[in-house]
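Please keep the structure in view while reading.

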Amino acid sequence: MKVIKIDKKDWADSLGKLSGPYRLFGPVRDKDFHNFKELGNDEQPDFNFQNTRVSAKSMVLPQSETLFTYSLDEKEPDHHQMREPEKNYSPRAVLGIRPCDAKAFLLVKRNFDTPEYKDPYWVRAYEASTFVGLACDDPCSTCFCTSAGCGPFHEEGLDLLLVDAGDHFLAKVLTQKGKNLVQAAGWGVETNADVELMKRTAESRIASAISTEQLKGKAATDLYHAPFWEEAAFACINCGTCTYSCPTCWCFDIQDENHGNAGVRMRNWDSCMYPLFTLHGSGHNPRETKIHRVRQRFMHKLKYYLDKYDAGIQCVGCGRCIRLCPVNIDIRNICELMNSHDPGACTCQVA
Amino acid sequence: MVGYIDKIKEISERLLKEGTVEMVIGFQKGTLPMMNTPCFAKTPEDVGNFVWDSHCGINLANYLTDRKEKIGVIAKGCDSRSIVTHITENKIKREQIFVIGAPCKGMMDRHKIASLFETEIRSVAENDGKLIVTAGDGEKTLEKADLLQKNCAVCAHRNPVIHDELAADPVEDQKDVDRYADVREIETMPPAEKWDYFDDLFSACIRCYACRNACPLCYCPTCFVDESQPQWVGKSTDPIDTKTFHFLRAYHCAGRCTDCGSCERACPMGINMRMLTKKLEKDCIDAFGWEPGLDLNQRPPLDTYKMDDPEDFIK
């Protein structure tokens, strides 16, 4: 595969060239942390970060997104009809996305883009995006990507992988989209440099791991009825921090909002941690307690997804939920409880 | 404070052995430095997991709401005041709980400590008023007193106001603390500047509700932001809706908030929403001479009246 050398002194110029054919997005520092934002004219992405505070999923699935607009004004010919708003799906480049966040899009894609159903908003935004990854050589202690089907130099989901090599980047072109971007940026200096050693060094720095090999063979009902959930869920305050910061949590809620006679139908991120998430119109709530809700989150990520798609767990090991949880609920511990659960050894009463 | 743990364990074990309580709520060591996790012990053996140090900032009163068992709970000054508020508001009964008082010299501001290092913090130990912090870029010995959570730095009630047994002798309260210097600074701003201040303060909010859910006062069965008939506030990331949530939540806490700091500590985006609750706390002192959670026999100012209440505002 082609590896290209990009001198850092030429970086700003290249971005200038890219800003014509692409809308540019990248990590920007705001107060104490980095998050992905659309870059303004001549604004540079700031690559001096370990990972962004919340994931890059909003590049394709914004926290709030207008699906339709409508008018309730009967004088208007199309009143009470849903209108699809005009949206900008022109090519966009997401610069400096970490491999974990890029891989996460592929996991999420299984939900939004199937032969049977396609979420047009997600699919169009995804297809418009070129993902320019930034390999990780300084992982957090909470990163466990290498045991979650991903890695600091992982290529799946990326169109181009940048590796920081001091005064220059090495860029590995991975797809046609990546090739197009390289061309538009005017990058052409091919090199024989091999990133394999850097990759292995980075992988050896990932100090944390989970074991998932037993999960598939376990009966979902055994895990569901396992006795550890009460204790595991006790500290949880049922906020949305884990789900909102997670690159693979995709749930949303649809809301209509009226202002006078004008309205929008929008979708907003939702969270299985919230009691409202499953509240029925009847008033019945099938996930009434926080134990139900915590169990659901981990069962979905580590068991239901695995069973449904047979393509690993619904987690890329970015560790954000561990770092940000206000009460330090740690998916690595829960995964271990699930992976090592032996229903035969359990003699206690299950509620 | 690390020294309390033996006494805390001894009391907890005794309570569980003698059947005085069915569970004791405390902290166990977390998986990250400076993070302890609320946990329960139901058997004397479980008590072995308990820890107590300067990273027990979560308010445990939040874990008592509407529980039916007899419970032992470890309480700092602020937790105990929230427990008093819980009892006054009928969220738990006094006779249901055994308060293990933990006089407190303040909890550590983990974000501030993290900001002193270029790389991630690997371990933190504490000893005699000092923190020994090891990060990728070296080890530093720091004064705990300089690194308190903002609410702890201005705390005026470090000792539990109610307790059934103390885990240590009471500590001296801080003298001459100016609790409201930051609030006064905002009070003096012209309206436009104030507006900008709050716009900026809440600009990073992702509406995850960690502040609300970490708060022992926020126990409404359905929060106003979750109501849909009628819908009081929009659910998107519209900045007006986000600020409406924060402003209204603060008002719901007026006369009840003990400034335990759980909201700010819980926020994944580092927002100091205490600037709202502190202003209302100050107003309650100015208008009613009221500090919440100090007395089981007093009704909070907003659910009572006095015949001699000044009513100059009625024209």
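Which residue takes a positive phi in the hairpin of β7(A) and β8(A)? In this predicted model, that residue is A:G166, whose phi is near 85 degrees, and the hairpin has three residues between its two strands.

**Strand β7 of chain A and its neighbours**

- Strand β7 of chain A covers residues 160-164 and is mostly covered, since four of its five residues are buried.
- On the antiparallel side of the pairing, β7(A) is joined by five bridges to strand β8 of chain A, which is formed by residues 168-173.
- Within this pairing, A:L162 stands opposite A:A171, a residue that belongs to β8(A).
- Strand β7(A) also pairs with strand β6 of chain A, residues 129-134, and here the sense is parallel and the pairing runs over three bridges.

- The domain assignment divides chain B into domain 1, made of the segments 1-105 and 157-170, and domain 2, which spans 179-305.
- The C-alpha centres of domain 1 and domain 2 of chain B are 25 Å apart.
- Where these domains of chain B meet, 19 residues of domain 1 are in contact with 17 residues of domain 2.
- The side of domain 1 of chain B that touches domain 2 of chain B has, by class, seven nonpolar, eight polar and four charged residues.

Notes. Residues numbered from 1 in each chain as written. Chains lettered and ligands numbered in written order. Predicted model: local features only at pLDDT ≥ 70, side-chain atom pairs only at ≥ 80, totals over all residues. Buried ≥ 20, exposed ≤ 12 C-beta atoms within 10 Å, placed from the backbone. Pairing = 2+ DSSP bridges. Domains from an automatic or database assignment. Contact = placed C-beta atoms within 7 Å. Nonpolar A, V, L, I, M, F, W, Y, C, P; charged D, E, K, R; others polar.
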